[in-house]
Amino acid sequence: MSLTIFITICYIISSVLFVIGLKRMSSPVSARKANQLSAVGMLIAIVATLLTRGMMEWQWIAFGLAVGTGIGILAATRVAMTSMPQMVGLLNGSGGLASFIVGWAAYHYQPESSLLTTISTYLAVLIGGVTFTGSFIAWAKLEEKFVTGKPILFAGQKIVNSLLLGALIVGGIIFCLHPDPADNYPLFVAIMVLSLILGVMVVIPIGGADMPVVISLLNSYSGMAGAATGFVIINSMLIVAGSLVGASGIILTRIMCKAMNRSLTNVLFSGFGSVTKKAASEVKGEAKAISVKDAYYVLEAARSVVFVPGYGMAVAQAQHAVRELGKILENNGAEVRYAIHPVAGRMPGHMNVLLAEADVPYDQLFEMDAINPIIDTIDVAVVIGANDVVNPAARHDKSSPIYGMPIINVDKAKTVFVLKRSMRSGFAGIENELFYYDNTRMVFGDAKETVQALIAEFKSV
Amino acid sequence: METHLDPISLINLIFLFVIAIFLGVELISKVPSILHTPLMSGSNAISGITIVGALLAVGLTPGSALCTALGTLAVIFATVNVVGGYLVTDRMLRMFKAKPTGEKK
């Protein structure tokens, strides 16, 4: 008995460390220590679990821990910062899969259980399965492997998905209410398979630029799956840790949706961006291109510069070049800031990580709400690989699909440079009227090469 | 593995679940958006806590080869989640630096 109490105390300590870890994430100064605290909490939880009376099969436990640790270390040290969304997607998926398998093992070992346990098992398998395949598809979409990054839509998709969900609910009710759950193995297998299919079906209609929402949501699910597992094995710590993560995912999902001015249902079900809508209001005028040389003269004279990065910067791997240009501008006497839209990139905070990797101090990273009030004092705003998040149509054009979405008001800066490969429209397939504004100049070409050419101009003086 | 959930413990667990969700919401709302990626990978590592269930599935299911196999698989995936999640978060957070004070003009 005393051993059980000891283990429980360890679990309490772990939970507290998780809470403190999340709390101290609120500042970049304390965040690293916070993460380490949280990791210590996890270690305590694992060791305490291993002390449980009657544990056997040590060789398999050691094997599993060793293999998992090896893969984890390899993955974490090798992944490029630009691929962080994929990495988080895969990590979500492996957590979901683990919960899914634990649910299966619990049922297999003890099929005739109480009703409440059966319900929990059902939920762990359902949420875990959806998290696993959903994350896998999200990863594949981000990598553009096996599936296209664009929304995949087909006739009757909603009907198929509703039927799938309905089958899972009805199957779940029959499964839970059956007087002898041990007879239910075939039904249980069907539920497992359908959960896995559902995960695929819910993510394929969602386009690449909506991935920040999907990744956040899957993050939430992976926590919920853990909490459900906690109900199965009656473990309070799993429930606490799982719901903390679940809550974090919910908040991030909400922030992402708000930053796009869309509801979660709209993101999940509309296949946004699959139909290239014709711009309702014809954009007038002509985009004015500018050469690198002329852009250099403008930047040389600028006293304040704001860089507005988007996914294009990640694709071009331009963050280091951007940072170098920023440094040169600073030495030239300009005040340099980086303005980051909440949904820039493919996951929340994606751009911040890339710029941090390039050694940009975090006090130069500005959130949208911090930069917009001072944007009209800025001499030059340099848009790098961002498009929809700086489209002024979001402010005034009621017919625009992105109307109402908060944007970074770069058009109010004195001069705007847009670094872009061509005049192609952004993810949402919407013409960007910013390109035709009087104070906008287009610098065509690969973002990284353009920035490097600008650096060369500065250095040649 | 102990898997007999009775109504009293269920209510207690739900109680815990609800409070923890509210606590989570309070904590996460205070995280600035520049840290959202590390927050996500860090909290993701916490969701690897399901490793506890995985370990019990290997260690406390005597006589069932399938459970041992499933449990081992679950341990592998949960460990990837935990180790990979914490390490990659640490790697990111290491990069976030304040402006060196000497550089200011």
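In what order do the elements of chain B run from the N terminus on? The points below take up that chain and then its partner.

1. This is a predicted model. In chain B the elements run α-α-α-α from the N terminus on. The secondary structure of this chain comes to four helices and zero strands.

2. Along its principal axes, the C-alpha trace of chain B spans about 70 × 30 × 15 Å.

3. Despite those dimensions, burial in chain B should be noted: 62% of its 105 residues are buried. Contacts within chain B between residues at least 6 apart in sequence were also examined, and 65% of them join residues at least 24 apart.

4. The contact between the two chains takes 101 residues from chain A and 86 residues from chain B. On the chain B side, the elements that give two or more residues are α1 (7-29), α2 (36-47), α3 (51-59) and α4 (65-95) of chain B. The largest share of that side, 29 residues, comes from α4(B).

5. By class, the side of chain B that touches chain A holds 51 nonpolar residues, 27 polar and eight charged.

6. Turning to chain A, the domain assignment gives domain 1 (1-78), domain 2 (82-269) and domain 3 (292-460). The centres of domain 2 and domain 3 of chain A, taken over C-alpha atoms, are separated by 36 Å.

7. Domain 2 and domain 3 of chain A touch: 18 residues of domain 2 are in contact with 15 residues of domain 3. On the domain 2 side, α4 (84-109), α8 (211-232) and α9 (236-259) of chain A are the elements that give two or more residues. That side of domain 2 has 13 nonpolar and five polar residues, with no charged residues.

8. α4(A) has 26 residues and reaches 37 Å from its first C-alpha to its last, close to the 38 Å expected at 1.5 Å a residue. This helix is mostly covered, with 25 of its 26 residues buried.

9. A point on reading the helices: an α-helix has 3.6 residues a turn, so residues three or four places apart point the same way.

Key:
Residues are numbered from 1 along each chain as its sequence is written. Chains are lettered from A and ligands numbered from 1 in the order in which they are written. This is a predicted model: local features need pLDDT of at least 70, side-chain atom pairs count only at pLDDT 80 or more; totals for chains, interfaces and linings use all residues. Domain bounds come from an automatic or database domain assignment. Two residues are in contact if their C-beta atoms, placed from the backbone, lie within 7 Å. Ala, Val, Leu, Ile, Met, Phe, Trp, Tyr, Cys and Pro count as nonpolar, Asp, Glu, Lys and Arg as charged, and the others, Gly among them, as polar. The expected span of a helix is 1.5 Å times one less than its number of residues. A residue is buried if 20 or more other C-beta atoms lie within 10 Å of its own, exposed if 12 or fewer, and partly exposed in between; C-beta atoms are placed from the backbone.
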